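Me: Hi, I've got a structure I've never looked at before. Can you walk me through it?

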Amino acid sequence: MTTSENPGKSPPSKSVQPQSTTNPFVGILAVFLGAGLATLTSRLLSVGLPDLRGALGISFDDASWLPTAFNMATMFSGVFVVFLNAFWGPRRILLPAATIFTVASFLLPFAPNYQVMMALVIVAGLASGTFYSLTMAFVLTNLPKRLVIFGIAAYAADIVFVSNIASLQEGWYIDHLSWRWIFWTAALFTPLMMVCVHSGIPRRTNAEPRPSWHGFIYFSLSLALLYGALDQGQRLDWLNSDTIVGMLVAGLFLLGATILRRVVQPNPIVNLKFLNTRNIVILATSIFVFKFMHLAAIVLVPGFLANIQHYRPLETGHTLAWVALPMFAVVWLVATIIIYVNSRLVLALGLTVGAICCLRWAHVDTSWSGSSFEIVELLLSLGLAGAYIGLVGSIVLEALEAGALTSAANAATFSGFMHLMRLLGGQIGVAAMTRFIAVREQFHSNMLRLYIQRGSWLADQRGRMLASGVLPRSTDGQEAQHRAAVILGLQVRAQAYTLATSDGFILIVWVVIAYLLLMLFLRPGKITFNGLSKMQ
């Protein structure tokens, strides 16, 4: 990857100093609003997909590509913008991106056909991808050091709350307003973010060389294609689909082109040697582990309630609110504790609490409803808060200790790597869990049907009971037996999916245990938040 028109001339390396602004807290509010709106739009689009299909008459296959396209576009710009920020600063990026996002979100419900809607979704995804990546970097360089941990707490509340409240919000929109508010929420609140950006984020005063972005474009396109393949892989049967194979081949080819360009013409703003430390790699892995653990709340529980209890988004949202709402109180408690306790210990305790919750949920059966999850979700909110603040806090302390803020190259490389782990690592977790649930459901279904086909007296008795139950609403005994067989098949499927969901919770427990063992190899840190809190 190259960064200037004259590849032999590198931009000077300089310390990344906090940008002066009359009101940095307004700027911090701006980036928090942006991150929350980007997360909310993505979740609303995914959760509200069935309602969009019904309202617009879009086929299942076509509709499934809408959230995929949005997230692929976010993936493209999410890492790219970290390096763009090193030259232009957040203000020159966020103001035009927020304007584009507002206009695209407002126009989406008026799209005359599927093709126009897809184009607008991609435009909105490209714009919103810039919101995520600048948040923590801006907070870290503009908040007083003693308040950094509380900025991390606010970021945790922002992201985790929005992720878990989206189902409740989408369900309320459908019942009381319209599906159009899936998009208009962003159009309504993004202008507030723009006002905050204008008032709280200053113009970049230093001039940098005009960049050339060929290598970054190759890399971003490869990430977007790989993300799309992971997102659609299970639905299209992975390597049995020409589309998935094509996306994987193209993504890997572009990744190879990126590596080749890096070897031939290294980019001075990318310092890959800076990432070659044990602590950075292990702590970056914690992002994947946290997002994998979070799947218990945003994938496994909603999937179980939708497939077994046939919950609508609003009903599922009421259950997930037991994770979302306590976050507002819990994050500040955890942030205060972490000043006096090692952040890695808080991360480990948070992951342990989450694993305990998953172990409890592994006892799920078909009789469980939303209320069966609610009490444990209160404990899970504590685990998620501790894990998220602990991991971000540990990453921030490692960045300070490793010298990530001593040069533009180190800052951009460190931030880009962490956002890559957040975006692509999260999708790898989703794809792995989705595949795991499908395989385990098929396994349990085959085992249950094999047991039934052997003619056990319990299966025969169950069949006779079902047949006698539907006989009054059947024309004859043969129809009653047929209907009983259909009901028994549905019960077998429900039981198989329930067992697969239980296996999913167990898988999360083992992933957490493996990472806790990996944390034993972390080298001791020299900087603590207690030390930072004493700084002015």
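Me: Let's start with Asp175. Is that one buried, exposed or in between?
Reply: Asp175 is partly exposed, because its relative accessible area is 39%. For the wording: buried means under 20% relative accessible area, exposed means over 50%, and partly exposed is in between, with a 1.4 Å probe and protein chains only.

Me: Before I go on, what am I looking at, and how is it numbered?
Reply: This is a predicted model, where local features need pLDDT of at least 70, side-chain atom pairs count only at pLDDT 80 or more, and totals for chains, interfaces and linings use all residues. Residues are numbered from 1 along each chain as its sequence is written, and side-chain values use heavy atoms, with hydrogens and water left out.

Me: OK, back to Asp175. Which residue does Asp175 form a salt bridge with?
Reply: Arg312, with the closest N and O atoms 3.3 Å apart. A salt bridge here is a side-chain nitrogen of Lys or Arg within 4 Å of a carboxyl oxygen of Asp or Glu.

Me: And where do Arg312 and Asp175 lie?
Reply: Asp175 is in helix α7 (residues 148-176) and Arg312 is in the loop between α11 (278-307) and α12 (313-324), so the pair ties together parts 137 residues apart in sequence. Helices are DSSP runs (H or I, at least four residues), numbered from the N terminus. Arg312 counts as partly exposed too, at 38% relative accessibility.

Me: How many salt bridges does the structure hold?
Reply: There are 4. One of them joins Arg235 and Asp61, whose closest N and O atoms are 2.5 Å apart. That pair links distant parts of the chain, 174 residues apart: Arg235 sits in the loop between α9 (214-233) and α10 (242-264), and Asp61 in helix α3 (residues 60-88).

Me: Switching topic: what's up with the phi of His310?
Reply: His310 has a positive phi of about 55 degrees although it is not a glycine. His310 lies in the loop between α11 and α12. With a relative accessible area of 61%, His310 counts as exposed.

Me: And what about the phi of Asp237?
Reply: Asp237 isn't a glycine either, and its phi is positive, near 70 degrees. You'll find Asp237 in the loop between α9 and α10. Asp237 counts as partly exposed, at 41% relative accessibility.

Me: Now the inside. How many cavities of 30 Å³ or more are there?
Reply: The count is 2. A cavity is a set of points, on a 1 Å grid over the protein atoms alone, where a 1.4 Å probe fits but cannot get out; lining residues have an atom within 4 Å of a point.

Me: Which residues line the second largest cavity?
Reply: Thr41, Leu45, Phe70, Ser105, Leu108, Val121, Ala124 and Phe183. Helices α1 (24-47) and α5 (114-133) each supply at least two residues of that lining. The volume of this cavity is about 30 Å³, taken as the space filled by probe spheres set on the points, with grid points joined across faces, edges and corners.

Me: You mentioned α5. What about Gly129 and Met118, buried or exposed?
Reply: Gly129, found in helix α5, is buried at 0% relative accessible area. Met118, also placed in helix α5, is buried at 15%.

Conventions
1 Å grid on protein atoms, 1.4 Å probe; cavity = no way out; pocket = protein on both sides within 12 Å on 5 of 7 lines; lining within 4 Å.
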